[in-house]
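Welcome, and thanks for taking a look at this chain. Please keep the sequence and the 3D view side by side as you read on.

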Amino acid sequence: MKNVTIKDVAKAAGVSYSTVSRALSGSPEISADTRERILQICKEMNYTANAVARAMVMKSTKLLGLILTDVNNPFMSELAYHIDRQARARGYNIILCNSSRDLEQERELFELMIARQVDGVILFPCGPESSDSLAPYLTRIPTVFAGENLREIPVSYVSVDNFRGAYLGVEYLYKLGHRDILYFGRRRGSTTHQLRADGYATACKDLGLTPQYCNNTFSYTSIKYGYQLSKQLFAQERSYSAIFAATDTNALGIMQAAEELGISIPEDISLLGFDNIRDSGLPRINLTTIEQPKKMLASMAVDSLLDKIQNELAGYSHRILTPTIVERSSCVAKH
C-alpha cells in the first residue's frame, strides 16, 4: 500500500504543500477553518507525518529515552508508567530500553538514543560507576539520572532520601517495642542499598540497638532471591522480633518462605519493607513499608530533563525526595 504524502494531502485539499505544512505545525498564518479542514482530510486519508523530516525542521523529535536496569522489577515498571504519563502530558513520547544492569549494554543504549535523535534521556543507572562509564555521552545529550543517589557527582539526578527512609523504618519498629531488628538484603555495589544500610546502622547506634544483617549474596534483589535467602535465614536460630527488608520484593519473598514454614507475620515476626510497590497493598499481603513517592519522582525527573533540553546552559541539579511510612498490618507492637 502506497504511503500517503503531504503532497497527496495538498492535492486533495486544493491547497499548496506549504499550507498543509502550516496546518500540521499549528502555524497561526492560516485560518482555523482551513486548518480543521486539512486535518480532517489527513485523518480520512490516514496520513502519518514523517517524524524524521519533521524533526530535522523543528530540531526536536519530541522523544525521550528511558533506560531501566530491569523492566521486570515491579518498582521500575511502576516508575516507567508514571514517567510515560508525565512525558505525554508535556507533549513527549518515550522510547523504553532495558540495560539488564550491564554497563556495556548501558553504553550501547546511549549510542542508540543518540542515533535515534531523542531530545534527552532519563537513566536508572547500573550503579555508581555509570556516571564515569557514560561521561563521553553526557556532553552530547541532556541526561537525568533517577532512582540512584549519586551524592556529590556533578550530574543531574532525582532520588529518594534512602538513608532517611531506613532511619525512619528503624525508629518506627523501635516505637512498637522491637529491640532486635534484623536488616535483610544488605547488598554491595549499589549506592542506594549502601545508603539504606547506613541509615539502618546509624539508627541502631542512636537507639542503642545491636545491628543484625542478612546479606544479599546475589547481584540484585527480587522476590525469588528474597525467598531463597529467607529460607536459609529461617533455618537458623531466631534472634530478632522484626525484619526490615531492604526492598518490598525482598519482603514478598520473606512472606512466601514464612508461609511455607508456618511462621506467622506479624504474630511471630513483624516485617517492614521499602519502596511501596503496587503489590504491597494487596489484601493478603498488607505490607507496612517505606514509600518512595514514585509519581513525584517521575514528575521531577521529566521536569529536570526538560529544563536541560530547553536551556543548554543549565547546570546540574540534585533533587532528593522525602520518604514516608505507609502503615498496614505486617508490623505489630512487641509485648
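A residue is called buried when its relative accessible area is under 20%, exposed when that area is over 50%, and partly exposed in between (1.4 Å probe, protein chains only). By that rule, 48% of the 335 residues of the chain count as buried. The model is a predicted one: local features need pLDDT of at least 70, side-chain atom pairs count only at pLDDT 80 or more, and totals for chains, interfaces and linings use all residues. Residues are numbered from 1 along each chain as its sequence is written, and side-chain values use heavy atoms, with hydrogens and water left out.

## The chain as a whole

The chain holds 13 helices and 12 strands; these are DSSP runs (helices H or I, at least four residues; strands E, at least two), numbered from the N terminus. Its C-alpha trace spans about 85 × 40 × 30 Å along the principal axes. With contact meaning heavy atoms within 4.5 Å, 69% of the contacts between residues at least 6 apart in sequence join residues at least 24 apart.

The chain exposes about 16600 Å², and carbon and sulfur atoms supply 49% of this area. Accessible areas come from the Shrake-Rupley method with a 1.4 Å probe, and for residues only the protein chains shown count as cover. As for charge, the chain has 37 positive and 36 negative charges, whose mean positions are 5 Å apart. Lys and Arg count as positive and Asp and Glu as negative, while His and the chain ends are not counted; the place of a charge is NZ of Lys, CZ of Arg, CG of Asp or CD of Glu.

## Nonpolar cores

In soluble globular proteins, nonpolar side chains tend to be buried together. A nonpolar core here is a set of buried Ala, Val, Leu, Ile, Met, Phe, Trp, Tyr and Cys residues joined through side-chain atoms within 4.5 Å. Which residues of the largest core touch the most other members? They are Ile122, Phe124, Phe184, Leu233, Phe234, Ile243 and Leu271, out of 43 residues in that core. Elements that each supply at least two residues of this core include strand 1 (63-68), helix 5 (74-89), strand 6 (181-186), helix 11 (223-234) and helix 13 (294-310). Apart from this core lies another, of 20 residues, among them Leu173, Ile181, Ala246 and Ile290.

Leaving aside neighbours within four places in sequence, its contacts include Leu66, Leu68, Met76, Leu79, Ile83 and Ala146.

Leu271 sits in strand 9 and is buried, at 0% relative accessibility. Not counting residues up to four places away in sequence, Leu271 touches Ile243, Ala251, Ile254, Met255 and Cys331, among others.

Gly120, in strand 3, is likewise buried, with a relative accessible area of 0%. Beyond its neighbours within four places in sequence, the contacts of Gly120 include Leu63, Gly65, Ile141, Pro142 and Leu305.

## Pairs brought together by the fold

| Pair | Apart in sequence | C-alpha to C-alpha distance |
|---|---|---|
| Gly120 and Pro142 | 22 residues | 4.7 Å |
| Leu271 and Leu287 | 16 residues | 7.4 Å |
| Ser219 and Arg101 | 118 residues | 9.2 Å |

Ser219 belongs to the loop between strand 7 (212-215) and helix 11 and is exposed, with a relative accessible area of 57%.

## Helix 1

Just after helix 1, Gly14 takes a positive phi of about 70 degrees.

## Backbone details

Arg101 is not a glycine, yet has a positive phi of about 60 degrees. Arg101 lies in the loop between strand 2 (93-98) and helix 6 (103-115) and is partly exposed, with a relative accessible area of 28%. Gln117, also not a glycine, has a positive phi of about 60 degrees too. Its loop runs between helix 6 and strand 3 (120-123), and Gln117 counts as partly exposed at 46% relative accessibility.

Finally, a cis peptide bond joins Ile265 and Pro266, with omega about 15 degrees. Pro266 is found in the loop between helix 12 and strand 9 (270-275).
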